[in-house]
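Me: I am new to this structure and would like to learn how to read it. Where do I begin?

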Amino acid sequence: MENKKLLVDTLELIHKLDKAVERYKGREEHGELLTDDRVMDDMVEDSIAWKLHFIGTYLTRTSEAFKEKHQDLPWNLIAAIPYLVSYEYKFGERPVWNLYYETLPDIKEQVVAILKAEYGELC
């Protein structure tokens with residue numbers, strides 16, 4: 001699959017994930033997303049984990065030349081995302097919320113920057 005399509009699909013999935021979390025979590029009075037994990041139930045966490053799984057999968061399908069060119073992306077972590085959200089539950093809590101709140105924003109920002117720099121658009 002072409003790198004541009006993988007990046008666009010990844011960004012589209014991130015936007016869907018953001019909207020889903022926003023709808024579920026609501027907003028506090030200052031517009032910040034609420035982050036009280038006790039509110040979350042298994043079905044919502046599984047849904048978010050599934051989307052994170054695909055984000056990791058899409059990005060790891062980019063070409064080796066692309067990965068070489070964009071070494072600032074955390075490729076080892078990106079490659080580990082599907083494992084972390086799918087299998088880590090055997091050993092305790094999955095890092096779904098850490099990945100969503102702490103890792104995904106940086107990845108999203110880098111994907112947007114790459115799309116703009118290399119393709120001149122977000123599609």
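Reply: Begin with pLDDT, the predictor's confidence in each residue, on a scale from 0 to 100. This is a predicted model. The chain has a mean pLDDT of 82, with 75% of its residues at 70 or more.

Me: In which helix is confidence lowest, and in which is it highest?

Reply: Helix α2 has the lowest confidence, with a mean of 87, while helix α3 (residues 64-69) has the highest, at 95.

Me: How many helices and strands does the chain have?

Reply: There are five helices and zero strands. Followed along the sequence, the pattern is α-α-α-α-α.

Me: What do the contacts say about the fold?

Reply: Take contacts between residues at least 6 apart in sequence: 69% of them join residues at least 24 apart.

Me: How do I read burial, and what share of the chain counts as buried?

Reply: A residue is buried under 20% relative accessible area, exposed over 50%, and partly exposed in between. In this chain of 123 residues, 39% count as buried. The accessible surface is about 7,600 Å², and carbon and sulfur atoms account for 50% of that surface.

Me: How many aromatic pairs are there in the whole structure?

Reply: A search of the whole structure gives four. One of them is Phe-54 with Tyr-58: the ring centres are 6.0 Å apart and the planes stand at 45 degrees, so this pair is tilted.

Me: Why is 45 degrees called tilted?

Reply: Planes under 30 degrees apart count as stacked and those over 60 as edge-to-face; the rest are tilted. The angle of 45 degrees between Phe-54 and Tyr-58 therefore makes a tilted pair.

Me: What about Phe-66 and Trp-75?

Reply: Their ring centres lie 6.2 Å apart with the planes at 80 degrees, so Phe-66 and Trp-75 form an edge-to-face pair. Both residues are buried.

Me: Which charged residue sits over the ring of Trp-75?

Reply: Lys-67 does, with its charged end 5.8 Å from the centre of the Trp-75 ring.

Me: Which residues form one aromatic cluster?

Reply: Trp-50, Phe-54 and Tyr-58 form one.

Notes. Residues are numbered from 1 along each chain as its sequence is written. This is a predicted model: local features need pLDDT of at least 70, side-chain atom pairs count only at pLDDT 80 or more; totals for chains, interfaces and linings use all residues. Side-chain values use heavy atoms; hydrogens and water are left out. Rings of Phe, Tyr and Trp (its six-membered ring) pair if their centres lie within 6.5 Å; planes under 30 degrees apart count as stacked, over 60 as edge-to-face and the rest as tilted. Buried means under 20% relative accessible area, exposed over 50%, partly exposed in between (1.4 Å probe, protein chains only). A charge sits over a ring if NZ of Lys or CZ of Arg is within 6 Å of the ring centre and within 35 degrees of the ring normal. Helices (H or I, at least four residues) and strands (E, at least two) are DSSP runs, numbered from the N terminus. Contact means heavy atoms within 4.5 Å. Accessible areas come from the Shrake-Rupley method with a 1.4 Å probe; for residues, only the protein chains shown count as cover.
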